[in-house]
Amino acid sequence: MDLEVDENNLKAAGAELFAEDGRRGIRINGWLIETRRHSILKSSTIQEWEQKLNTSHLPEMVFGENTLILRHLSSGTKIHFNAFDALCGWKQEALPPVEVPAAAKWKFRSKPSQQIILDYDYTFTTPYCGSDNIEIDKDLNEGEISKETSNILWEDCKDQIDVAALASKEPILFYDEVVLYEDELADNGVSLLTVKVRVMPSSWFLLLRFWLRVDGVMIRLRETRMHCVFGGNTNPIILRESCWRESTFQALSAQEHPFDSGAYGDPSFISQKLPIIMHTTKKFVISS
(Lines give C-alpha, C1' and ligand atoms only; values in the text may rest on other atoms or scores of the structure.)
Protein backbone atom coordinates (compact mmCIF):
# COMPACT_ATOMS: atom_id res chain seq x y z
CA MET A 1 0.00 0.00 0.00
CA ASP A 2 1.51 3.27 -1.15
CA LEU A 3 0.47 5.99 1.28
CA GLU A 4 0.62 9.64 0.32
CA VAL A 5 1.42 11.65 3.43
CA ASP A 6 0.67 15.36 3.74
CA GLU A 7 3.89 17.17 4.63
CA ASN A 8 1.90 19.60 6.75
CA ASN A 9 0.63 16.72 8.91
CA LEU A 10 4.17 15.43 9.36
CA LYS A 11 5.44 18.87 10.32
CA ALA A 12 2.58 19.45 12.77
CA ALA A 13 3.37 16.11 14.47
CA GLY A 14 7.11 16.81 14.58
CA ALA A 15 7.65 13.62 12.57
CA GLU A 16 10.17 12.68 9.89
CA LEU A 17 9.92 9.90 7.30
CA PHE A 18 13.03 8.11 6.05
CA ALA A 19 13.91 5.48 3.45
CA GLU A 20 17.46 4.16 3.14
CA ASP A 21 19.30 0.86 2.49
CA GLY A 22 16.15 -1.24 2.31
CA ARG A 23 14.71 0.41 5.42
CA ARG A 24 11.73 2.71 5.59
CA GLY A 25 10.08 4.26 8.58
CA ILE A 26 9.33 7.27 10.72
CA ARG A 27 10.83 9.16 13.65
CA ILE A 28 8.21 10.60 15.94
CA ASN A 29 7.88 11.55 19.62
CA GLY A 30 11.02 9.73 20.70
CA TRP A 31 10.20 6.60 18.68
CA LEU A 32 11.99 5.17 15.67
CA ILE A 33 9.66 2.81 13.78
CA GLU A 34 10.92 0.99 10.71
CA THR A 35 10.23 -1.92 8.38
CA ARG A 36 12.61 -3.95 6.23
CA ARG A 37 11.48 -6.10 3.32
CA HIS A 38 13.65 -8.49 1.32
CA SER A 39 13.33 -11.65 -0.79
CA ILE A 40 12.75 -15.17 0.53
CA LEU A 41 15.52 -17.17 2.18
CA LYS A 42 18.22 -18.66 -0.03
CA SER A 43 18.81 -22.42 0.08
CA SER A 44 22.03 -22.08 2.11
CA THR A 45 20.25 -20.02 4.77
CA ILE A 46 17.34 -22.46 4.81
CA GLN A 47 19.78 -25.22 5.77
CA GLU A 48 21.14 -23.07 8.60
CA TRP A 49 17.66 -22.40 9.91
CA GLU A 50 16.73 -26.09 9.72
CA GLN A 51 19.78 -26.97 11.81
CA LYS A 52 19.06 -24.28 14.40
CA LEU A 53 15.40 -25.25 14.63
CA ASN A 54 16.16 -28.98 14.51
CA THR A 55 13.68 -29.61 11.71
CA SER A 56 13.60 -30.59 8.07
CA HIS A 57 10.42 -28.62 7.44
CA LEU A 58 9.99 -24.90 6.83
CA PRO A 59 7.22 -22.91 5.13
CA GLU A 60 7.42 -22.63 1.35
CA MET A 61 8.20 -18.93 1.55
CA VAL A 62 10.19 -17.62 4.52
CA PHE A 63 11.08 -13.94 4.45
CA GLY A 64 13.92 -14.23 6.90
CA GLU A 65 15.15 -10.65 6.66
CA ASN A 66 11.72 -9.03 6.78
CA THR A 67 11.06 -7.26 10.04
CA LEU A 68 9.16 -4.55 11.87
CA ILE A 69 11.11 -2.74 14.61
CA LEU A 70 9.81 -0.17 17.09
CA ARG A 71 12.40 1.53 19.32
CA HIS A 72 11.76 3.95 22.16
CA LEU A 73 15.08 5.74 22.02
CA SER A 74 15.44 7.21 25.50
CA SER A 75 14.50 4.00 27.38
CA GLY A 76 16.09 1.47 25.03
CA THR A 77 12.78 -0.37 24.68
CA LYS A 78 12.67 -2.43 21.48
CA ILE A 79 9.74 -4.42 20.09
CA HIS A 80 10.35 -6.35 16.89
CA PHE A 81 8.89 -9.09 14.71
CA ASN A 82 10.74 -11.68 12.64
CA ALA A 83 10.19 -15.09 11.06
CA PHE A 84 12.88 -16.99 12.97
CA ASP A 85 11.46 -16.22 16.42
CA ALA A 86 7.97 -17.03 15.14
CA LEU A 87 9.15 -20.43 13.89
CA CYS A 88 10.86 -21.05 17.23
CA GLY A 89 7.38 -20.66 18.73
CA TRP A 90 5.95 -23.11 16.18
CA LYS A 91 8.64 -25.64 17.02
CA GLN A 92 8.13 -25.30 20.78
CA GLU A 93 4.33 -25.49 20.67
CA ALA A 94 4.51 -28.56 18.40
CA LEU A 95 0.78 -28.95 17.80
CA PRO A 96 -0.42 -32.28 16.39
CA PRO A 97 -0.90 -32.20 12.61
CA VAL A 98 -4.30 -31.18 11.29
CA GLU A 99 -5.87 -34.12 9.50
CA VAL A 100 -5.93 -33.58 5.73
CA PRO A 101 -8.72 -35.15 3.65
CA ALA A 102 -7.42 -38.47 2.32
CA ALA A 103 -8.16 -37.43 -1.26
CA ALA A 104 -5.82 -34.44 -0.90
CA LYS A 105 -2.84 -36.14 0.74
CA TRP A 106 -1.24 -36.95 -2.61
CA LYS A 107 -0.55 -33.23 -3.11
CA PHE A 108 2.08 -33.34 -0.38
CA ARG A 109 4.20 -35.84 -2.32
CA SER A 110 7.29 -34.73 -4.20
CA LYS A 111 7.50 -38.15 -5.91
CA PRO A 112 4.58 -40.29 -7.17
CA SER A 113 5.77 -43.32 -5.18
CA GLN A 114 6.35 -41.38 -1.97
CA GLN A 115 4.37 -42.37 1.12
CA ILE A 116 3.00 -39.37 2.98
CA ILE A 117 3.32 -39.32 6.78
CA LEU A 118 2.33 -35.94 8.18
CA ASP A 119 3.87 -36.32 11.63
CA TYR A 120 4.50 -32.62 12.32
CA ASP A 121 2.45 -29.42 12.39
CA TYR A 122 2.60 -28.64 8.67
CA THR A 123 0.39 -25.55 9.24
CA PHE A 124 3.26 -23.74 11.04
CA THR A 125 0.86 -22.42 13.66
CA THR A 126 2.75 -20.24 16.13
CA PRO A 127 1.94 -18.70 19.54
CA TYR A 128 4.35 -15.87 18.67
CA CYS A 129 3.23 -12.40 19.75
CA GLY A 130 6.46 -10.50 19.09
CA SER A 131 10.00 -10.21 20.36
CA ASP A 132 11.10 -7.56 22.85
CA ASN A 133 13.94 -6.39 25.02
CA ILE A 134 15.43 -3.30 26.66
CA GLU A 135 18.92 -2.24 25.64
CA ILE A 136 20.72 0.07 28.07
CA ASP A 137 24.12 1.64 27.48
CA LYS A 138 26.41 1.09 30.45
CA ASP A 139 29.59 3.12 30.96
CA LEU A 140 32.77 1.12 31.53
CA ASN A 141 36.24 2.28 32.47
CA GLU A 142 38.13 4.61 30.14
CA GLY A 143 35.01 5.80 28.37
CA GLU A 144 34.01 2.41 26.94
CA ILE A 145 30.32 1.65 26.61
CA SER A 146 28.63 -1.77 26.62
CA LYS A 147 25.00 -2.68 26.10
CA GLU A 148 23.04 -4.42 28.82
CA THR A 149 19.95 -6.28 27.62
CA SER A 150 16.93 -7.32 29.65
CA ASN A 151 13.50 -8.66 28.76
CA ILE A 152 10.32 -6.62 28.93
CA LEU A 153 8.05 -7.67 31.81
CA TRP A 154 4.45 -7.54 30.63
CA GLU A 155 1.76 -7.18 33.29
CA ASP A 156 -1.74 -8.62 33.10
CA CYS A 157 -4.34 -5.86 32.97
CA LYS A 158 -8.01 -5.15 32.34
CA ASP A 159 -7.38 -2.19 30.08
CA GLN A 160 -8.44 -2.50 26.45
CA ILE A 161 -7.22 -0.91 23.26
CA ASP A 162 -9.42 2.07 22.39
CA VAL A 163 -10.85 0.85 19.09
CA ALA A 164 -13.07 3.94 18.74
CA ALA A 165 -10.05 6.23 18.92
CA LEU A 166 -8.29 4.17 16.27
CA ALA A 167 -11.32 4.52 13.99
CA SER A 168 -11.15 8.32 14.14
CA LYS A 169 -10.19 10.44 11.14
CA GLU A 170 -6.71 11.13 12.47
CA PRO A 171 -4.22 11.26 9.57
CA ILE A 172 -1.96 8.26 9.00
CA LEU A 173 1.67 9.36 8.83
CA PHE A 174 3.22 5.94 8.14
CA TYR A 175 1.85 2.52 7.17
CA ASP A 176 3.41 -0.75 6.10
CA GLU A 177 2.70 -4.48 6.01
CA VAL A 178 5.41 -7.12 6.24
CA VAL A 179 5.03 -10.81 5.39
CA LEU A 180 7.09 -13.10 7.65
CA TYR A 181 6.21 -16.47 6.12
CA GLU A 182 3.64 -18.13 3.90
CA ASP A 183 2.73 -21.66 2.82
CA GLU A 184 -0.08 -22.81 0.51
CA LEU A 185 -0.25 -26.23 2.18
CA ALA A 186 0.22 -28.07 -1.13
CA ASP A 187 -2.84 -26.26 -2.55
CA ASN A 188 -4.94 -27.30 0.45
CA GLY A 189 -5.32 -23.80 1.87
CA VAL A 190 -3.03 -21.15 3.28
CA SER A 191 -0.80 -20.48 6.28
CA LEU A 192 0.26 -16.85 6.52
CA LEU A 193 2.03 -14.73 9.15
CA THR A 194 2.05 -10.96 8.64
CA VAL A 195 2.49 -7.80 10.70
CA LYS A 196 1.03 -4.38 9.90
CA VAL A 197 1.83 -1.04 11.49
CA ARG A 198 0.34 2.42 11.25
CA VAL A 199 1.49 5.59 12.92
CA MET A 200 -0.72 8.59 13.66
CA PRO A 201 0.17 11.94 15.30
CA SER A 202 -1.07 10.68 18.69
CA SER A 203 -0.08 6.97 18.70
CA TRP A 204 1.10 3.86 16.89
CA PHE A 205 -0.85 0.66 16.35
CA LEU A 206 0.16 -2.74 15.01
CA LEU A 207 -1.50 -6.04 14.14
CA LEU A 208 0.37 -9.35 14.04
CA ARG A 209 -1.83 -11.96 12.35
CA PHE A 210 -1.42 -15.69 11.86
CA TRP A 211 -4.09 -16.88 9.42
CA LEU A 212 -4.70 -20.55 8.66
CA ARG A 213 -7.24 -22.11 6.34
CA VAL A 214 -7.14 -25.87 5.69
CA ASP A 215 -9.75 -26.28 2.97
CA GLY A 216 -12.76 -28.28 4.06
CA VAL A 217 -11.27 -28.88 7.51
CA MET A 218 -10.65 -25.84 9.73
CA ILE A 219 -9.86 -22.14 10.08
CA ARG A 220 -7.51 -20.72 12.73
CA LEU A 221 -6.82 -17.06 13.46
CA ARG A 222 -4.29 -15.82 16.03
CA GLU A 223 -3.96 -12.06 16.35
CA THR A 224 -1.91 -9.77 18.55
CA ARG A 225 -2.62 -6.06 18.62
CA MET A 226 -0.42 -3.46 20.26
CA HIS A 227 -1.19 0.21 20.80
CA CYS A 228 0.88 2.97 22.34
CA VAL A 229 -0.28 6.55 22.89
CA PHE A 230 2.61 9.01 22.82
CA GLY A 231 3.20 9.97 26.42
CA GLY A 232 3.86 13.71 26.46
CA ASN A 233 4.78 14.34 30.11
CA THR A 234 3.81 10.83 31.24
CA ASN A 235 5.48 7.47 30.71
CA PRO A 236 4.12 5.78 27.58
CA ILE A 237 2.08 2.60 28.06
CA ILE A 238 2.02 -0.21 25.49
CA LEU A 239 -1.15 -2.30 25.53
CA ARG A 240 -0.96 -5.78 24.02
CA GLU A 241 -4.10 -7.82 23.27
CA SER A 242 -3.82 -11.38 21.97
CA CYS A 243 -6.87 -13.26 20.70
CA TRP A 244 -6.98 -16.81 19.32
CA ARG A 245 -9.99 -18.05 17.36
CA GLU A 246 -10.65 -21.23 15.45
CA SER A 247 -13.41 -23.46 14.11
CA THR A 248 -14.01 -26.37 11.80
CA PHE A 249 -15.64 -25.86 8.41
CA GLN A 250 -18.42 -28.16 9.57
CA ALA A 251 -19.24 -25.96 12.57
CA LEU A 252 -19.18 -22.79 10.48
CA SER A 253 -21.50 -24.20 7.85
CA ALA A 254 -23.93 -25.28 10.59
CA GLN A 255 -24.33 -21.72 11.94
CA GLU A 256 -27.77 -20.14 11.81
CA HIS A 257 -26.62 -17.61 9.21
CA PRO A 258 -23.88 -19.26 7.14
CA PHE A 259 -22.04 -17.09 4.65
CA ASP A 260 -20.81 -17.39 1.10
CA SER A 261 -17.85 -19.74 0.60
CA GLY A 262 -15.77 -16.85 -0.79
CA ALA A 263 -15.69 -15.30 2.69
CA TYR A 264 -13.48 -18.17 3.91
CA GLY A 265 -10.54 -16.39 2.32
CA ASP A 266 -11.04 -13.11 4.22
CA PRO A 267 -9.78 -13.24 7.83
CA SER A 268 -11.13 -9.77 8.65
CA PHE A 269 -14.66 -10.75 7.62
CA ILE A 270 -14.71 -14.23 9.08
CA SER A 271 -13.06 -13.44 12.42
CA GLN A 272 -16.32 -12.50 14.14
CA LYS A 273 -17.78 -15.88 13.18
CA LEU A 274 -14.97 -17.79 14.85
CA PRO A 275 -15.30 -18.69 18.55
CA ILE A 276 -12.63 -17.31 20.88
CA ILE A 277 -10.45 -19.95 22.51
CA MET A 278 -7.98 -17.59 24.24
CA HIS A 279 -7.85 -13.87 24.99
CA THR A 280 -5.29 -11.95 27.06
CA THR A 281 -4.47 -8.30 27.64
CA LYS A 282 -1.15 -7.13 28.99
CA LYS A 283 0.63 -3.80 29.36
CA PHE A 284 4.13 -2.44 29.69
CA VAL A 285 4.89 0.99 31.17
CA ILE A 286 8.00 2.50 29.62
CA SER A 287 10.39 4.09 32.10
CA SER A 288 12.68 6.74 30.67
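Predicted model: local features only at pLDDT ≥ 70, side-chain atom pairs only at ≥ 80, totals over all residues.
## Salt bridges

Let's start with the charged pairs: the count comes to 13 salt bridges. Glu135 sits in strand S7 (residues 131–139) and Arg71 in strand S5, so the pair ties together parts that are 64 residues apart in sequence. Glu135 counts as partly exposed, with 25% relative accessibility, and Arg71 is also partly exposed, at 25%.

Another bridge links the side chains of Arg222 and Glu93, with 2.9 Å from N to O. Here strand S13 holds Arg222 and helix H3 (residues 83–93) holds Glu93, so parts 129 residues apart in sequence are tied together. Arg222 is buried, with a relative accessible area of 7%, whereas Glu93 is partly exposed at 25%. Asp215 and Arg213 form a salt bridge too, their closest N and O atoms being 2.7 Å apart. Of these two, Asp215 is partly exposed at 31% and Arg213 is buried at 18%.

## A buried asparagine

Now find Asn66, in the loop between strand S4 (61–62) and strand S5 (67–72). Its relative accessible area is 4%, so Asn66 is buried. The side chain of Asn66 reaches the backbone oxygen of Val179 at 2.9 Å. Leaving aside neighbours within four places in sequence, Asn66 is in contact with several residues, including Arg36, His38, Phe81, Val178 and Leu180.

## The largest pocket

The largest pocket has a volume of about 470 Å³. Its lining is made up of 22 residues, and those nearest the centre are Phe205, Leu207, Arg209, Glu223 and Arg225. Among the elements that give two or more residues to this lining are helix H4 (163–166), strand S11 (189–199) and helix H6 (267–270). Strand S12 gives the most, with 4 residues. Sorted by class, the lining of the pocket has 11 nonpolar, 4 polar and 7 charged residues.

## An enclosed cavity

There is 1 cavity of 30 Å³ or more, and the largest cavity has a volume of about 60 Å³. Among the residues lining the largest cavity are Thr126, Tyr128, Leu208, Arg209, Glu223 and Trp244. Arg222, the partner of Glu93 in a salt bridge, is part of this lining as well. S12, S13 and S14 each supply at least two of the lining residues. By class, the cavity lining has 6 nonpolar, 3 polar and 3 charged residues.

Notes. Residues numbered from 1 in each chain as written. Heavy atoms only, no water. 1 Å grid on protein atoms, 1.4 Å probe; cavity = no way out; pocket = protein on both sides within 12 Å on 5 of 7 lines; lining within 4 Å. Points joined across faces, edges and corners; volume = space filled by probe spheres on them. Nonpolar A, V, L, I, M, F, W, Y, C, P; charged D, E, K, R; others polar. Buried < 20%, exposed > 50% of the residue type's maximum accessible area, 1.4 Å probe, protein only. Polar contact = N/O pair within 3.5 Å; in protein donor to acceptor, adjacent residues only side chain to side chain. Contact = heavy atoms within 4.5 Å. Salt bridge = Lys/Arg side-chain N within 4 Å of Asp/Glu carboxyl O.
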